[in-house]
Amino acid sequence: MGRSSRTKIAIGGGGVSSNRPQPISGRTRSYGLIGEAIADSKSFDLHNRAFESLGIDGIYIPLQTTSTGLQSVVEGLRELTGFSGFNVTYPFKEKIIPLLD
């Protein structure tokens, strides 16, 4: 068979990958999952497939951190102009509330 026009990308740790119909560009919006043990989460596949099927130029990535790094991660994400949002896993669901706008 001929080569596919899709670009294979690998994101973060844990073997998260996605076949994208277009390459990541300066216009691609980033979203992520903040948590500790998130490498086996099905969220990455679910969100990236949804972006693809809806024609959204976005990517959903793992944002693995520890409890002590949570505040720094949230502060850093605020500074990224192409970052559009995140979900949070337990045990950070309550801890993140004071860090939100």
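Which strand is Ser30 found in?

Ser30 belongs to strand β3, which spans residues 29–35; helices (H or I, at least four residues) and strands (E, at least two) are DSSP runs, numbered from the N terminus. This is a predicted model, in which local features need pLDDT of at least 70 and side-chain atom pairs count only at pLDDT 80 or more, while totals for chains, interfaces and linings use all residues. Residues are numbered from 1 along each chain as its sequence is written, and side-chain values use heavy atoms, with hydrogens and water left out.

Although Ser30 and Gly58 are 28 residues apart along the chain, their C-alpha atoms are separated by 5.6 Å. When neighbours within four places in sequence are left aside, Ser30 is in contact (heavy atoms within 4.5 Å) with Ile59, Gly82, Phe83, Ser84 and Gly85.

## Salt bridges

Side chains of opposite charge can pair when their charged atoms come close. The structure holds two salt bridges, each defined as a side-chain nitrogen of Lys or Arg within 4 Å of a carboxyl oxygen of Asp or Glu. In one of them, Asp45 meets Arg49 at 2.8 Å, N to O, and both residues lie in helix α1 (residues 43–54), four residues apart, about one turn of the helix. Asp45 is partly exposed at 37% relative accessibility, whereas Arg49 is exposed at 55% (buried means under 20% relative accessible area, exposed over 50%, partly exposed in between, with a 1.4 Å probe and protein chains only).

Asp101 and Arg78 also form a salt bridge, their closest N and O atoms being 3.1 Å apart. This pair links distant parts of the chain, 23 residues apart, with Asp101 in the segment after β5 (83–88) and Arg78 in helix α2 (residues 70–79). Asp101 is exposed, with a relative accessible area of 88%, and Arg78 is partly exposed, at 42%.
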